[in-house]
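Dear colleague,

Please find the structure below, handed over for your reading. A short account of the findings follows it.

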There are 2 protein chains.
Amino acid sequence: MNGADVLIQTAVNAGVDVCFANPGTTEMPLVSALDNVDGIRGVLGLFEGVCTGAADGYGRMKEKPAMTLLHLGPGFANGLANLHNARRAGTPLINVIGEHATWHLPADPPLAMEIAALSGTVSGWHRTVGALGDLSRDTAKAFEAAMAGQIATLVVPHDFQWSAADGQGIVSTEIRTPRFDARAVEHAADLLKANKRTALVLGGPALTRKGLMTAARIRSATGCDLVCETFPARVDRGAGLPDVAKLPYLPEMALEVLKHYDVLIMAGAREPVAFFGYEGSVSRLISDSQRTARIGDHRRNIIYALEALSESVGADRSGEPELARPGRPEMPTGKLDSNKVCTVLAAMQPEKAIIVEEAITSGMGYFAQAAGCPPFTYLTVTGGAIGHGPPCSVGAAVACPDRPVINFQADGSAMYTVQSLWTQARENLNITTLVCNNRSYDILKMEQARAQTGEPGPYGRKLTDLDGIDWVKMGEAQGVSSVAADTVEALVPAIEKALKEDGPHLIEMQLF
Amino acid sequence: MNGADVLIQTAVNAGVDVCFANPGTTEMPLVSALDNVDGIRGVLGLFEGVCTGAADGYGRMKEKPAMTLLHLGPGFANGLANLHNARRAGTPLINVIGEHATWHLPADPPLAMEIAALSGTVSGWHRTVGALGDLSRDTAKAFEAAMAGQIATLVVPHDFQWSAADGQGIVSTEIRTPRFDARAVEHAADLLKANKRTALVLGGPALTRKGLMTAARIRSATGCDLVCETFPARVDRGAGLPDVAKLPYLPEMALEVLKHYDVLIMAGAREPVAFFGYEGSVSRLISDSQRTARIGDHRRNIIYALEALSESVGADRSGEPELARPGRPEMPTGKLDSNKVCTVLAAMQPEKAIIVEEAITSGMGYFAQAAGCPPFTYLTVTGGAIGHGPPCSVGAAVACPDRPVINFQADGSAMYTVQSLWTQARENLNITTLVCNNRSYDILKMEQARAQTGEPGPYGRKLTDLDGIDWVKMGEAQGVSSVAADTVEALVPAIEKALKEDGPHLIEMQLF
């Protein structure tokens with residue numbers, strides 16, 4: 001046994017079973033350790049943003065961390081954008097990064113980069129292993145830290161990985177759930193009983209089936225409304241589950257929703273703020289005259305705090321949750337546009353589907369239309385770092401091989417992590433990628449229009465247009481069965497075929 | 001005029017003429033400014049690593065900075081790996097990054113990330129604009145800082161960009177060249193005259209035509225050897241230029257070269273160190289018993305220091321530089337392998353070509369074989385962060401539209417920034433990409449063999465193999481004319497056609 005074996009054995013014992021890897025020389029002993037120690041599935045990504053986005057998708061579905069294996073500072077840097085999304089999602093996730101041998105790092109070799117500085121921008125927990133004997137303990141601590149809903153980054157010098165470590169004990173992990181603040185729950189209960197116009201703002205674990213059912217009972221018992229944060233990490237949704245509306249993206253529309261409430265109680269959500277600050281607009285979306293409260297303070301106790309709140313307001317006895325009834329939108333016809341693709345998806349998505357939505361402007365009509373679909377899970381980009389959908393789909397499919405994954409995806413965003421398609425093919429994952437080809441960063445055109453600076457000039461157009469990508473060839477280049485559709489009539493059988501056949505498929509939806 | 005216009009006008013006045021951009025909402029006023037103010041060509045990349053790698057290639061060729069325009073922390077993060085390469089290359093480069101409006105940032109909106117922490121890992125100069133009135137001065141300072149051969153990062157809050165700034169003066173830049181240390185040159189001259197076995201280790205600007213000619217005169221006058229650093233930023237090379245050998249990549253091979261010298265004088269190069277620390281190997285490649293010296297301490301004074309050294313040793317009068325004679329290797333035949341593709345390239349590359357080499361294991365035989373080619377320029381990855389070749393080619397082609405660019409490229413590395421092909425097509429750049437398809441991270445297999453841990457297991461293979469990429473479709477998907485070749489007989493006419501026709505071409509070289 002060497003140090004790398006000790007690390008992997010500790011991770012296996014803790015419950016890690018997948019490693020999304022893009023290793024280099026300073027991680028090769030850890031690659032060997034995946035062979036020496038049973039229990040972890042190694043999945044190769046050809047770009048690090050694939051690995052980190054996949055680990056995010058995996059963690060959201062499994063509620064335990066996957067491990068990434070990344071090469072030194074530059075490899076870690078390539079994974080940061082999707083780690084930023086994972087941080088905003090509160091996803092449990094462990095990064096393992098090789099570092100130059102302890103005796104070599106002072107020479108500042110070409111690949112040396114300040115890994116700790118990079119890590120500080122995304123990690124809730126960070127440690128560089130300081131001694132061979134600490135490897136198992138540090139790995140166990142990384143797992144415990146990740147389970148709190150944060151990114152744990154463990155930097156492992158190359159020499160510790162290759163050094164003999166026979167006889168080292170494997171440290172076990174212990175996951176505690178911190179108690180929630182019972183007084184905060186009582187305070188929220190008092191607010192709910194006060195007959196004010198009240199909204200329960202749900203985020204994080206409160207949007208999984210259990211949290212939603214509890215929240216819906218509270219709604220029935222108290223008459224409050226439920227509001228879903230704008231970019232939720234995961235929503236369990238569909239017929240037989242409570243329907244929640246997402247808070248709109250644009251601040252003026254979000255304000256229109258929120259102004260109706262005297263009281264806002266956050267359950268797993270942050271206080272809503274504008275995504276961007278616009279000239280003459282606001283930053284906070286809640287005014288000083290509105291009262292706010294919060295229940296739960298940790299990913300693992302939000303559900304318990306919600307249940308205690310339910311009990312305090314008597315909802316566990318009287319609250320009969322109002323649930324979405326089965327229902328699908330009517331199938332449209334003719335040439336595709338962004339509204340129609342939303343409708344087609346909601347009309348067709350199968351039971352237990354995992355919908356990974358990064359369709360940006362093209363997907364705005366989807367969420368509401370899918371309220372009555374057979375139960376499914378919705379994942380979306382939480383931190384605004386685009387290029388999340390394709391790798392998140394990889395992670396969701398690895399986590400849940402028995403569930404069909406549909407990646408409803410904008411073309412511009414897909415390009416950032418387009419290498420995800422290769423991993424989908426290599427692992428034969430059941431992912432159907434629906435690419436909205438509108439040949440444009442449409443969201444930026446919307447922002448140009450909002451800024452009211454007149455018609456965009458040549459660069460205003462040139463830097464927001466992205467014509468000329470053939471998505472069928474892009475999928476086929478990486479081994480994914482691919483087809484294009486420009487009408488509903490062509491799209492429907494293409495989706496049927498993709499869902500019926502094993503392995504990944506890509507459908508280029510040409511929007512007009 | 002608004003703040004964004006002031007920034008762009010300042011950059012134009014300083015001499016910036018290209019902006020490699022992947023903007024978002026917080027950069028849209030700067031996009032408009034590219035229309036409002038004449039003088040900067042905006043080039044869109046569909047991934048930020050394309051923009052930063054292109055700016056690196058541009059800066060190496062033009063010896064002045066291109067500007068990047070990147071979106072907030074996550075967009076900047078995506079560009080870091082190639083900025084790491086640019087930092088190691090000493091490339092002049094300016095990043096302009098939008099930040100949330102000053103009054104919005106404290107709300108910690110979803111896309112907020114610690115930009116300064118990211119910047120610290122690559123930037124020699126960093127500033128967040130603190131007041132609207134500072135915009136022009138800060139932009140001018142960024143340019144001056146970049147001209148010293150480093151990355152200057154300017155973070156510009158969104159509200160400063162859109163705010164009216166009529167009547168603000170545009171600050172001019174002033175570029176000074178710091179004097180070199182004349183005593184260090186005299187010391188080096190004494191060492192050269194002492195009849196010890198001496199090598200002049202060349203790096204940075206010392207490898208351009210002027211530096212090389214001066215160094216070669218010193219060689220002729222003193223009998224010293226010339227050594228080229230292992231991963232040079234730029235080498236002017238070919239018939240009529242001095243031939244220099246690159247220091248080998250593997251430490252045992254580099255030690256074999258360096259052990260012959262009693263004295264090593266660095267001119268623009270760092271003291272050589274091992275790329276990786278291996279078990280039982282060394283970190284520094286120069287021993288304590290060898291004497292070292294250094295001339296020049298700034299990108300802009302290396303050449304002057306070399307010229308002073310030449311004068312001190314009398315080489316400006318007596319030194320007749322020994323120059324490479326014209327000569328090409330003989331054209332091989334039959335199925336392609338990594339040796340043959342090096343030979344084919346050296347046998348065919350046209351005069352004035354810019355060869356961007358990131359062929360990794362497949363390219364090891366190239367540099368030496370090209371010594372007698374018609375004069376050309378060689379660029380390579382300096383910091384080990386792979387995914388450099390395709391975007392660097394974009395920057396080189398934008399910088400030098402009259403020179404053919406050939407990107408000699410490994411398949412694994414190409415995937416990290418594969419979106420570069422789209423920009424090559426959009427801008428109709430004269431780039432021929434020669435992809436070495438060996439379906440493998442061969443460098444990692446070499447490292448596995450070096451570690452002598454026996455035959456790799458299933459994951460040892462699975463995480464280093466990358467089968468199944470169709471490079472012809474990958475090129476065509478992004479609008480690049482593409483073809484495959486598996487023999488020399490097929491490759492030669494494909495290269496001829498690519499070089500004759502306008503615009504980008506990709507040739508998949510299937511290696512056996």
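The notes below go from the pairing of the chains to single helices and residues.

This is a predicted model, in which local features need pLDDT of at least 70 and side-chain atom pairs count only at pLDDT 80 or more, while totals for chains, interfaces and linings use all residues. Residues are numbered from 1 along each chain as its sequence is written, and chains are lettered from A and ligands numbered from 1 in the order in which they are written.

The two chains

Chain B is superposed on chain A by a rotation of 180° with 0.0 Å of shift along its axis, at an RMSD of 0.0 Å (by least squares on the C-alpha atoms of residues with pLDDT of at least 70 in both copies). This is the relation of a two-fold axis. Both copies use the same surface, as 99% of the contact residues of chain B recur in chain A.

Across the interface, 79 residues of chain B are in contact with 78 residues of chain A (contact: C-beta atoms, placed from the backbone, within 7 Å). On the side of chain B that touches chain A, helix 4 (residues 72-89) of chain B gives the most, with 8 residues (helices are DSSP runs of H or I with at least four residues, strands are runs of E with at least two, and both are numbered from the N terminus). That side of chain B divides into 42 nonpolar, 26 polar and 11 charged residues (nonpolar: Ala, Val, Leu, Ile, Met, Phe, Trp, Tyr, Cys and Pro; charged: Asp, Glu, Lys and Arg; polar: the others, Gly among them).

Helices

In helix 10 (residues 251-258) of chain A, the residues A:Pro251, A:Ala254 and A:Leu258 are buried (buried: 20 or more other C-beta atoms within 10 Å of the residue's own; exposed: 12 or fewer; partly exposed: in between; C-beta atoms are placed from the backbone). These three lie on the same side of helix 10 of chain A because they cover an arc of only 60° around the axis (the arc of the directions from the helix axis to the C-beta atoms). The face turned away from that buried side carries the exposed residues A:Met253 and A:Glu256.

Helix 2 (residues 28-36) of chain B is mostly covered, with 7 of its 9 residues buried. Among them are B:Met28, B:Pro29 and B:Leu30.

Residues of note

B:Ala215 lies in helix 9 (residues 209-222) of chain B. B:Ala215 counts as buried because 28 other C-beta atoms are within 10 Å. Beyond its neighbours within four places in sequence, B:Ala215 is in contact with residues including B:Leu200, B:Pro242, B:Ala267 and B:Leu306. The C-alpha atoms of B:Ala215 and B:Gly319 are separated by 9.6 Å, although the two residues are 104 apart along the chain.

Most residues other than glycine have a negative phi. B:Asp108, however, has a positive phi near 50°. B:Asp108 is found in the loop between strand 4 (93-99) and helix 5 (115-120) of chain B, and is partly exposed, with 15 other C-beta atoms within 10 Å. B:Lys352 is not a glycine either, yet its phi is positive, at about 70°. The place of B:Lys352 is the loop between helix 13 and strand 13 (354-358) of chain B, where B:Lys352 counts as partly exposed because it has 14 C-beta neighbours inside 10 Å.

With kind regards

Conventions: Contact = placed C-beta atoms within 7 Å.
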